[in-house]
Amino acid sequence: MEFYQNLPMHLSPIALQIGFFSIGWYSLMYLVAFLTVYLLLRWRIKHDQLEINISFEKLENFILYAILGVVVGGRLGYVLLYEPSYFFAHPLEIISPFDLAGNFVGIYGMSYHGGAIGVILASLIFSKRNKINFWKLSDFVIPAIPAGYFFGRIGNFLNGELFGRLTKSRWGMYFYNFNTLTFELRVPSQLLEAFFEGLVLFLILWLSRKKKWLQGNFLSAYLLGYGFFRFFIEFVREPDWQIGFVAKIGAQGLTLGQVYSLLMIGVAILVYVLKRRLTKQGE
């Protein structure tokens, strides 16, 4: 057994606890994610020649819009996309941190895809209220987004959640499964997602942020890149326990995350084609 395989067994989801007050790693990583994106965008305002005129004050306002979009969109996305029947039967649990027995369990369940929709809608509202071109705002913001997402997936790892499928590989790690009440050797898919959907995608978009041919198309590029990486990583990520596989392909099948990732890729292509046509019509 390799030393790193036992690492999740020694991690606590609680980063800081004082009496009844506690801060979880997942919440802390969310804050680090937004701070990272904010600092990168602030750096862009100082050092990059931007096609958008945005002040530090407006940037801070945008971050607030984005936080609201992620939280509301991510939560409603989980409710509507993953467990609609349960939450429609227990609507108070959408916002209540207590379970049916009155135990404090926090508000669990966030959907990336719902959060992405939430941020896009929040950006549309922000751009309209501040009279900023939405596509230029997207080009400005998106190259920094995957860097924040990296910390989100690290938060999942520290929380011991969203682990991968059972494996016998040496690169597997022992995660505690609350369904079987045992530690199981599983693929650390959170780290794979942090690397590919976070770090790799960030480097691709950040290093391409000044490419002329990508101007106006960074939203499509991000949706395409994330959907691509997420689709393939889902082959080693454990399907959501309450859903399982939703479409059979060969011996296994597609997960709901893969279906949504394919939809993201389709939306990316559609947005690119429609925007290209609108641009030609405006010439």
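Trainee: Why is L181 called exposed?

Mentor: L181 has a relative accessible area of 57%. Exposed means over 50%. The value of 57% passes that cut-off, so L181 is exposed. Bear in mind that this is a predicted model.

Trainee: Where does L181 sit, and what makes its backbone worth a look?

Mentor: L181 lies in the loop between β3 (173–177) and β4 (182–186). Its phi is positive, about 60°, although L181 is not a glycine.

Trainee: What about K131: buried or exposed, and how do you know?

Mentor: K131 has a relative accessibility of 81%. The cut-off for exposed is over 50%, so K131 counts as exposed. K131 also has a positive phi, about 55°, without being a glycine. Its place is the loop between α4 and α5.

Trainee: How much confidence does the predictor give the chain?

Mentor: The mean pLDDT is 90. A score of at least 70 is reached by 93% of the residues. Confidence is lowest in strand β2 (residues 21–24), with a mean of 78. It is highest in helix α7 (residues 189–207), at 98. Where pLDDT is low, the predicted coordinates should not be read in detail.

Trainee: What makes a group of residues a nonpolar core here?

Mentor: Two tests apply: the nonpolar residues must be buried, under 20% relative accessible area, and be joined through side-chain atoms within 4.5 Å. The largest such core has 21 residues. L41, F62, L137 and F140 have the most contacts inside it. Helices α1 (25–47), α2 (56–81), α5 (134–141) and α7 each supply at least two of its residues.

Trainee: Which residues does L41 touch, leaving aside its neighbours within four places in sequence?

Mentor: L41 is in contact with L59, F140, V141 and A144. Contact here means heavy atoms within 4.5 Å.

Trainee: What belongs to the second core?

Mentor: That separate core has 16 residues, including Y112, F218, L223 and Y226. In soluble globular proteins, nonpolar side chains tend to be buried together.

Trainee: What kind of residues line the second largest pocket?

Mentor: The lining has 14 nonpolar residues, 1 polar and no charged ones. Met, Ile, Leu and Val count as nonpolar. Nearest the centre lie H113, I117, L223, M264 and V267. So I117, L223, M264 and V267 are nonpolar. The pocket holds about 320 Å³ of space.

Trainee: Which elements build that lining?

Mentor: α4 (112–129), α8 (218–233) and α9 (256–282) each give two or more residues. α4 gives the most, with 6.

Notes. Residues numbered from 1 in each chain as written. Predicted model: local features only at pLDDT ≥ 70, side-chain atom pairs only at ≥ 80, totals over all residues. Heavy atoms only, no water. pLDDT = per-residue confidence, 0-100. Helix = DSSP H or I, 4+ residues; strand = E, 2+ residues; numbered from the N terminus. 1 Å grid on protein atoms, 1.4 Å probe; cavity = no way out; pocket = protein on both sides within 12 Å on 5 of 7 lines; lining within 4 Å. Points joined across faces, edges and corners; volume = space filled by probe spheres on them. Buried < 20%, exposed > 50% of the residue type's maximum accessible area, 1.4 Å probe, protein only.
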